[in-house]
Amino acid sequence: MRNGHVQSVWPTLFRKVPMVEPEPEVIATPDDDELHLDWYRQGSDRLAIVSHGLEGHSRRPYVLGLTRALLREGWDVLAWNFRSCGGVMNRQPRFYHSGATEDLGLVVNHGLSGAYDTLFLSGFSMGGNLTLLYLGEQGERVDSRICGAVAYSVPCDLAGSADMLALPSRKIYMQRFLRDLKVKMEEKAERFPDLIDISGFDAIRSFHEFDDRYTAPLHGFRNARDYWAQCSALGRMRDIRVPALMVNAADDPFLSARCFPESRRELGAHVRLEAPRWGGHVGFVEHSKDGFYWSERRALAFLQGLT
């Protein structure tokens with residue numbers, strides 16, 4: 001599929017990943033909220049934590065595809081849902097955003113509280129940015145049990161990605177995101193009418209407007225530009241101290257040119273960028289007898305060099 005748009009849409013419409021039912025768990029956050037987790041345990045001493053993308057959830061095909069591949073290689077897997085995702089609205093006015101590393105940190109610490117010797121992180125799109133930002137913030141303090149990370153379709157330049165999605169040619173993607181976000185903001189407005197106003201929501205056409213009006217004020221940022229600047233992983237990748245692979249397809253319709261950094265000054269000593277010619281946004285479709293996609297094979301190959 002040598003077309004970025006087809007690669008991006010195909011798995012959402014047509015991919016089915018048969019999986020056993022996970023073991024659900026709910027954990028509390030320090031601010032009286034909760035995170036919903038899906039556990040796939042098989043008695044391993046190695047754990048992989050998988051983070052989904054914007055308006056995704058822990059049972060999206062791309063999450064299940066990687067989970068299945070990791071299980072086959074003997075890992076336990078923990079796929080988690082960002083606040084308000086996975087079909088359960090969270091309790092606080094805030095929801096999720098690209099820099100909510102405190103939530104990922106809580107999930108990592110919860111996972112490491114078990115009997116695991118090794119932990120691997122993976123994330124898709126927003127979850128990829130979150131994963132790399134978390135590791136950058138950890139820096140030298142990163143837990144020695146974390147062996148590395150793979151991140152796919154990473155909008156590590158959030159401002160540039162917002163500009164890309166604002167293009168007329170990306171309208172179909174933006175409309176879908178806003179449609180899903182509107183449902184959530186309507187529920188938030190019912191619960192917190194003094195904080196959240198959805199009048200005029202249908203006039204919003206871009207993340208510039210949505211993040212200015214909702215994401216930034218609800219999460220303590222001055223505006224969308226401040227949010228993007230503080231939460232883009234691009235500025236923190238040089239601080240990462242474990243092996244990390246970032247895979248951004250050259251035909252990804254969501255990513256700006258700055259999402260393909262080449263200099264060691266930006267990538268740092270531990271991050272490697274791969275930019276396959278095709279793959280779209282969280283696509284990397286491969287037709288194979290075992291049902292695995294290229295991205296899943298690439299993750300397993302990367303892991304073999306770490307463990």
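Predicted model: local features only at pLDDT ≥ 70, side-chain atom pairs only at ≥ 80, totals over all residues.
**Entry 1: H3 and H4**

I began with helix H3, residues 101-112, and helix H4, residues 126-138. Their axes are 9 Å apart and the packing angle is about 80°. I therefore noted H3 and H4 as roughly perpendicular to each other, given that 65 to 115 degrees counts as such. On the H3 side I listed Thr-101, Leu-104, Gly-105 and Val-108. They meet Leu-130, Thr-131, Leu-133, Tyr-134 and Glu-137 of H4. Sorted by class, this contact has five nonpolar residues, three polar and one charged.

Is Ser-125 buried or exposed? Its relative accessibility is 10%, so I put Ser-125 down as buried.

With a relative accessibility of 7%, Ser-84 counts as buried.

**Entry 2: Asp-76**

Next I went to strand S4, residues 76-81, where Asp-76 lies. Which side chain of opposite charge is nearest to Asp-76? I found Arg-41, 5.3 Å away. A salt bridge needs the two groups within 4 Å, and the buried Asp-76 has none. Leaving out residues up to four places away in sequence, Asp-76 touches Tyr-40, Arg-41, Gln-42, Gly-43, Ser-44, Arg-46, Leu-47, Ala-48 and Tyr-116.

**Entry 3: H7 and H8**

I then turned to another helix pair: H7 (residues 207-218) and H8 (residues 224-231). Their axes cross at roughly 85° and come within 8 Å. That makes H7 roughly perpendicular to H8. From H7, I wrote down Phe-207, His-208, Asp-211, Asp-212, Thr-215 and Ala-216. Their partners in H8 are Ala-224, Arg-225, Tyr-227 and Trp-228. By class I have five nonpolar, two polar and three charged residues in this contact.

**Entry 4: Ala-275**

What does Ala-275 contact beyond its neighbours within four places in sequence? I noted Asn-248, Ala-250 and Phe-260. I also looked up the separation from Asp-32: 243 residues in sequence, and 41 Å in space from C-alpha to C-alpha.

Notes. Residues numbered from 1 in each chain as written. Heavy atoms only, no water. Axes fitted to C-alpha atoms, helices over the stretch in contact; angles between N-to-C directions. Helix = DSSP H or I, 4+ residues; strand = E, 2+ residues; numbered from the N terminus. Parallel < 35°, antiparallel > 145°, perpendicular 65-115°, else oblique. Contact = heavy atoms within 4.5 Å. Nonpolar A, V, L, I, M, F, W, Y, C, P; charged D, E, K, R; others polar. Buried < 20%, exposed > 50% of the residue type's maximum accessible area, 1.4 Å probe, protein only. Lys, Arg positive; Asp, Glu negative; His and termini not counted.
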